[in-house]
Amino acid sequence: MTSIAIIDYGMGNLRSVAKALEHVAPQTRVHVTQNRRDILDADRVVFPGQGSIRDCMHELARWELIDVIRDAARNKPFLGLCLGPQALLDFSEENGGVECLKVLPGRVVWFNELRDPVSGERLKVPHMGWNQVHQLRDHPLWQGIPQDSRFYFVHSYYLQSNDETLTVGQSHYCFNFTVAIARDNLFAVQFHPEKSAQAGLRLLANFVKWSP
Amino acid sequence: MGLAKRIIPCLDVDRGRVVKGVKFVEMRDAGDPVEIARRYDEQGADEITFLDITASSDDRETIVHVVEQVASEVFIPLTVGGGIRTLDDVRRMLNAGADKVSINTAAIHRPEFVREAAERFGNQCIVVAIDAKSVYPANEASRWEIFTHGGRRPTGIDAIEWAQRMAKYGAGEILLTSMDRDGTKRGFDLELTRAISEAVSIPVIASGGVGTLDHLADGILLGKADAVLAASIFHFAEYTIEQAKRHMLARGIEVRL
């Protein structure tokens with residue numbers, strides 16, 4: 001039986017992620033864990049997260065998970081969700097500026113004073129709700145998901161990748177921004193597949209079957 | 001291409017059972033929150049809100065089980081309101097599988113609670129519910145005031161100032177109910193909705209008074225709401241969520257279909 005470790009470092013509710021994975025892959029063992037050994041031994045790793053980046057980095061250090069995450073992000077199917085992909089970049093503007101894991105090149109930037117280019121109306125932050133995701137290239141995790149499907153988002157900061165070739169998905173909110181990054185065995189999305197109905201469940205099912 | 005406006009059905013739950021009789025065709029159990037939530041998900045609901053109206057605190061634990069069951073089967077965002085008073089209440093709901101909690105009276109008793117909850121759990125999961133009503137003080141311009149106890153008890157708090165303060169304290173979203181319109185089927189209080197939505201930078205959900213599909217579209221187009229919440233027009237199968245979305249689309253609103 002294959003196993004998936006969902007990294008639990010005290011940032012947010014991971015029950016929904018676990019339930020959604022169990023729903024799409026009943027034959028898989030899903031651990032919600034902060035145990036280094038469990039994460040190192042798992043066949044696949046999910047790195048979720050909610051809340052602020054400073055707390056996130058602080059908790060990762062406190063649980064001594066930083067080297068384990070870097071290792072998993074290089075060596076096995078690895079899925080980052082929401083705050084997860086933000087933590088994987090070099091640096092975030094949030095909380096006055098926080099150094100992140102530097103697994104992927106780029107920074108995390110605030111949605112500052114957005115205005116609708118047509119109406120001139122102020123756009124709400126957080127960017128909350130169902131937005132379309134434009135798939136920029138084929139990827140096994142997009143398989144079976146129609147182009148421009150909607151996924152559920154809640155975030156006030158967005159990913160700014162320094163390497164455009166890694167961006168596999170974009171959304172539009174005042175401007176186009178990166179919402180999915182892929183490199184080798186790693187796939188990371190800004191949205192919440194576990195809360196994105198059929199499209200989200202399909203992405204999780206694809207992750208469970210993925211052999212990069 | 002962009003962010004869709006949301007439709008959120010709201011279910012009142014008393015001791016683990018949905019009340020105000022939801023009536024779908026061929027429904028086995030009209031009071032089962034899991035079955036109803038599944039139906040709404042199939043119809044394309046963007047989120048589901050549960051309002052726990054259980055009076056006795058002994059029975060409050062039942063809503064936790066409801067959320068657990070729904071969250072195991074329905075993979076869209078879930079909000080729970082009613083009786084959220086402490087950080088521990090918030091934690092229990094989030095651990096059960098809720099994505100957001102809606103805080104109402106507890107914020108009025110102690111506004112700092114909103115700040116603490118947002119700091120601890122993140123703004124994204126804190127919704128502040130505002131029940132507002134028009135008041136006409138002598139020798140003053142009319143304004144909207146916050147009411148508690150189902151619209152019976154005035155607080156003296158100005159609704160617009162309160163919304164701004166709650167946003168500053170870290171609310172991620174505002175659920176705005178017009179107590180003048182709630183239950184009337186005359187449509188949202190569009191002036192109120194627009195005033196609040198323009199006063200804050202966080203999303204606003206309009207609630208209270210929906211009787212027709214045009215009311216939903218008006219809430220977005222004229223009230224400037226980011227989402228619309230309704231109960232009875234969906235519960236009694238007057239309209240499906242999909243019909244509501246098609247109608248909104250026809251009026252030029254971006255929706256998820």
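D226(B) counts as buried at 13% relative accessibility, so it falls under the 20% cut-off. Its partner in a salt bridge is K5(B), with the closest N and O atoms 3.8 Å apart. K5(B) sits in the segment before β1 of chain B and D226(B) in the loop between α8 and β11, so this pair ties together parts of the chain that are 221 residues apart in sequence.

**Confidence**

- The model scores ipTM 0.94 and pTM 0.95.
- For chain B, the mean pLDDT is 92, and 95% of the residues reach 70 or more.
- A friendly reminder for the remainder: where pLDDT is low, the predicted coordinates should not be read in detail.

**Salt bridges within chain B**

- Searching the whole structure turns up 30 salt bridges over all chains.
- E173(B) and K100(B) form another salt bridge, where the closest N and O atoms are 3.0 Å apart.
- That pair links distant parts of the chain, as E173(B) belongs to strand β9 (residues 173-178) and K100(B) to strand β5 (residues 100-103), 73 residues apart.
- Are these two partners buried or exposed? E173(B) is buried at 1% relative accessibility, and K100(B) is buried with a relative accessible area of 1%.
- R110(B) pairs with E116(B) in a salt bridge whose closest N and O atoms are 2.8 Å apart.
- Here R110(B) is partly exposed at 40% relative accessibility, and E116(B) is partly exposed at 30%.
- Salt bridges with shared partners join R6(B), E47(B), K100(B) and E173(B) into one network.

**Nonpolar cores**

- The largest nonpolar core has 79 residues, and I48(B) and L216(B) have the most contacts inside it.
- Which helix gives the most to this core? That is α2(B), with six residues.
- Another core, of 41 residues, lies apart from it and includes V17(A), L79(A), F207(A) and V208(A).
- Beyond its neighbours within four places in sequence, I48(B) is in contact with I8(B), P9(B), L11(B), A37(B), Y40(B), V74(B), I76(B), P77(B), L78(B) and T79(B).
- As background, nonpolar side chains tend to be buried together in soluble globular proteins.

**Helix α2 of chain B**

- Within α2(B), which spans residues 61-73, the buried residues are I63(B), V64(B), V66(B), V67(B), V70(B) and A71(B).
- Viewed down the axis of α2(B), these residues fall within an arc of 160°, so they line one face of the helix.
- In chain B, the buried residues of α2(B) pack against partners including β1 (6-14), α1 (33-43), β3 (48-52), β4 (78-81) and α3 (87-96).
- From chain A, α1 (15-24) also packs against the buried residues of α2(B).

**Helix α8 of chain B**

- Helix α8(B), residues 213-221, is mostly covered, with seven of its nine residues buried.
- Which residues are they? The buried residues of α8(B) are L213(B), H215(B), L216(B), A217(B), D218(B), G219(B) and I220(B).
- They pack against α7 (190-199), β11 (227-230), α9 (232-235) and α10 (241-250) of chain B.

**A107(B) in helix α4**

- A107(B) is found in helix α4 (residues 105-109) of chain B, and it is buried with a relative accessible area of 0%.
- Leaving out neighbours within four places in sequence, A107(B) is in contact with V114(B), W162(B) and M166(B).
- From C-alpha to C-alpha, A107(B) and G44(B) are 32 Å apart in space, and they are 63 residues apart in sequence.

**Contact between chain B and chain A**

- The contact takes 41 residues from chain B and 34 residues from chain A.
- About 2900 Å² of area is buried between the two chains, and carbon and sulfur atoms give 53% of it.
- How many salt bridges are there between chain B and chain A? The count is three.
- The side chains of E254(B) and R150(A) meet in a salt bridge, at 2.8 Å from N to O.

Notes
Residues are numbered from 1 along each chain as its sequence is written. Chains are lettered from A and ligands numbered from 1 in the order in which they are written. This is a predicted model: local features need pLDDT of at least 70, side-chain atom pairs count only at pLDDT 80 or more; totals for chains, interfaces and linings use all residues. Side-chain values use heavy atoms; hydrogens and water are left out. Buried means under 20% relative accessible area, exposed over 50%, partly exposed in between (1.4 Å probe, protein chains only). Helices (H or I, at least four residues) and strands (E, at least two) are DSSP runs, numbered from the N terminus. The arc is that of the directions from the helix axis to the C-beta atoms. Contact means heavy atoms within 4.5 Å. pLDDT is the predictor's confidence in each residue, from 0 to 100. A nonpolar core is a set of buried Ala, Val, Leu, Ile, Met, Phe, Trp, Tyr and Cys residues joined through side-chain atoms within 4.5 Å. Buried area is the accessible area (1.4 Å probe) that two parts lose on being put together, summed over both. A salt bridge is a side-chain nitrogen of Lys or Arg within 4 Å of a carboxyl oxygen of Asp or Glu.
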